[in-house]
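Please look over the sequence and the 3D structure shown below.

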Amino acid sequence: MRIYFCGSIRGGRQDVVVYQRILKKLEKYGQVLTEHVGYGDLSEKGEDSVGGGEKAIHHRDLEWLEQSDVIIAEVTQPSLGVGYELGRAVAMHKRILCLFRPESGRVLSAMVRGADDGSLFQVLDYSEEEVEGILEHYFDKLTKV
């Protein structure tokens, strides 16, 4: 299974430790195409080493999105890029799981929470202690479909 993980880069790197924990768990279920999102040394400026700059990043990431079987998005830290990826994934009819931590004090965008259809697009509130169990349950159900 190919997994596309979404997390904030230019929108803020405050949750990188959470991303790392999620990514470690996702590796159990398949190939994570976007493991760089969890790199601790990746700054809010993003990837400087990608030849071709921002256009190359955009095209590469869309290619990965198309190749993916499922999208897992940590959406607690607001990010225009993650929102864009989610919109594109919806248009591609991809399976999407959005994870949001209410304890952050933030309020999730109505455009994301309201997209939850209980099937292809799901939004789950969670705490850090619950994330591994939530992912296990999600992928167990996914593999039985």
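Which residue of strand 5 is the bridge partner of Leu99? The partner of Leu99 is Leu124.

## Basis of the report

This is a predicted model, in which local features need pLDDT of at least 70 and side-chain atom pairs count only at pLDDT 80 or more, while totals for chains, interfaces and linings use all residues. Residues are numbered from 1 along each chain as its sequence is written, and side-chain values use heavy atoms, with hydrogens and water left out.

## The sheet

Five strands form an open sheet in the order 2-1-3-4-5, and their pairing is parallel. Strands here are DSSP runs (E, at least two residues), helices are DSSP runs (H or I, at least four residues), and both are numbered from the N terminus. Two strands pair if DSSP finds at least two bridges between them. The edges of the sheet are strand 2 (31-32) and strand 5 (121-125), each of which pairs on one side only.

Strand 4 (residues 95-100) is joined to strand 5 by five bridges in the parallel sense. Strand 3 and strand 4 also pair in the parallel sense over five bridges, and there Val70 has Arg95 of strand 4 as its bridge partner. Strand 4 is mostly covered, with five of its six residues buried (buried means under 20% relative accessible area, exposed over 50%, and partly exposed in between, with a 1.4 Å probe and protein chains only).

Ile72 is found in strand 3. With a relative accessible area of 0%, Ile72 is buried. Leu23 lies 49 residues from Ile72 along the chain, and their C-alpha atoms are separated by 9.6 Å.

The largest nonpolar core has 23 residues, and Ile72 is one of those with the most contacts inside it, along with Phe5, Ile22, Leu26, Leu99, Leu135 and Phe139. Such a core is a set of buried Ala, Val, Leu, Ile, Met, Phe, Trp, Tyr and Cys residues joined through side-chain atoms within 4.5 Å. Strand 1, helix 1 (16-26), strand 3, strand 4 and helix 5 each supply at least two residues of this core. Helix 5 gives the most, with six residues. A second, separate core of 19 residues includes Val75, Leu86, Cys98 and Val123.

## The helices

Helix 5 (residues 131-143) lies across strand 1 (2-6), strand 3 (70-74), strand 4 and strand 5, and runs at about 165° to strand 4. Axes are lines fitted to C-alpha atoms, for helices over the stretch in contact, and angles run from 0 to 180 degrees between N-to-C directions. The axes of helix 1 and helix 5 come within 10 Å and cross at roughly 35°. Among the residues making this contact are Ile22 and Leu26 of helix 1, and Leu135 and Phe139 of helix 5.

Helix 2 (residues 53-67) and helix 3 (residues 80-91) have axes that come within 11 Å and cross at roughly 45°. These two helices are therefore oblique to each other (angles under 35 degrees count as roughly parallel, over 145 as roughly antiparallel, 65 to 115 as roughly perpendicular and the rest as oblique). The contact involves His58, Asp61, Leu62 and Leu65 of helix 2, and Tyr84, Glu85, Arg88 and Ala89 of helix 3.

Key. Contact = heavy atoms within 4.5 Å.
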